[in-house]
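Keep the structure open while reading.

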Amino acid sequence: MTPTFAYQLIAIFNAGSSFGRWAPGWLADRLGRFNTMVLTVAMCAASTLVLWLPATVITVRPVFSSTTVVGLTIAYAILFGFASGSNISLTPVCVGQMCETEEYGRYYATCYTIVSFGTLTGIPIAGALIAACGGGYWGVVVFTGLCYVVALAAFSTDAL
């Protein structure tokens, strides 16, 4: 893909994310915080494995046109942007639901301390996966999808 399109994808992700930070909060008031988080994490996993993975695999096969890859990538950016926006906006309220008000700071700090390890190691792991896959992104996509499946399992234990 062109560098111009890559920059446009960032805008598409952010547009989806801005709606994804607002709408799940509204939905959480009706369905419950953890239930909504389970839905949006499931959307993240599904969009990663159903849209992004085929887009990365198709790029190595000349049978498919570039418009197929671009279409899958745009659809992924919109859906994943929307679903992942809730990861930012609903996490603090889910943490707050698990503890007393006096303990919130400790719980919140612990949550984001654990997140920091994933953030710190994510880029080097992605680079190693891309190198191991001969420059292909399918390894990163599978790893991302599996991380979301594990997150879905963790959130599902507290939902419903």
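Is Cys99 buried or exposed? Cys99 is buried, at a relative accessible area of 13%. The model is predicted.

**Cysteines**
- The disulfide count is 0.
- A disulfide needs two cysteine sulfurs within 2.5 Å. The closest cysteine sulfur to that of Cys99 belongs to Cys111 and is 11 Å away, so a bond is ruled out by distance.
- Cys147 is in no disulfide either; its nearest cysteine sulfur, in Cys44, lies 12 Å away.
- Cys147 is partly exposed, with a relative accessible area of 40%.

**Helix packing**
- Helix α1 (residues 3-31) and helix α3 (residues 66-89) have axes that come within 6 Å and cross at roughly 40°.
- That angle makes α1 oblique to α3.
- The α1 and α3 crossing is right-handed.
- Residues in this contact of α1 with α3 comprise 15 nonpolar, 8 polar and 1 charged.

**Aromatic pairs**
- There are 8 aromatic pairs.
- Trp52 and Tyr76 are stacked, because their ring centres are 5.2 Å apart and their planes meet at 20°.
- Trp52 sits in helix α2 (residues 33-58) and Tyr76 in helix α3, so this pair ties together parts 24 residues apart in sequence.
- Trp52 is partly exposed at 23% relative accessible area, whereas Tyr76 is buried at 6%.
- Phe80 and Tyr148 form an edge-to-face pair, with ring centres 5.7 Å apart and planes at 85°.
- Phe80 belongs to helix α3 and Tyr148 to helix α6 (residues 138-156), 68 residues apart.
- Both Phe80 and Tyr148 are buried.
- Ring pairs join Phe13, Trp52, Tyr76, Phe80 and Tyr148 into a cluster.

Note on methods
Residues numbered from 1 in each chain as written. Predicted model: local features only at pLDDT ≥ 70, side-chain atom pairs only at ≥ 80, totals over all residues. Heavy atoms only, no water. Buried < 20%, exposed > 50% of the residue type's maximum accessible area, 1.4 Å probe, protein only. Axes fitted to C-alpha atoms, helices over the stretch in contact; angles between N-to-C directions. Helix = DSSP H or I, 4+ residues; strand = E, 2+ residues; numbered from the N terminus. Parallel < 35°, antiparallel > 145°, perpendicular 65-115°, else oblique. Left-handed = near helix turned anticlockwise from the far one by under 90°. Nonpolar A, V, L, I, M, F, W, Y, C, P; charged D, E, K, R; others polar. Phe/Tyr/Trp six-rings, centres within 6.5 Å; stacked < 30°, edge-to-face > 60°.
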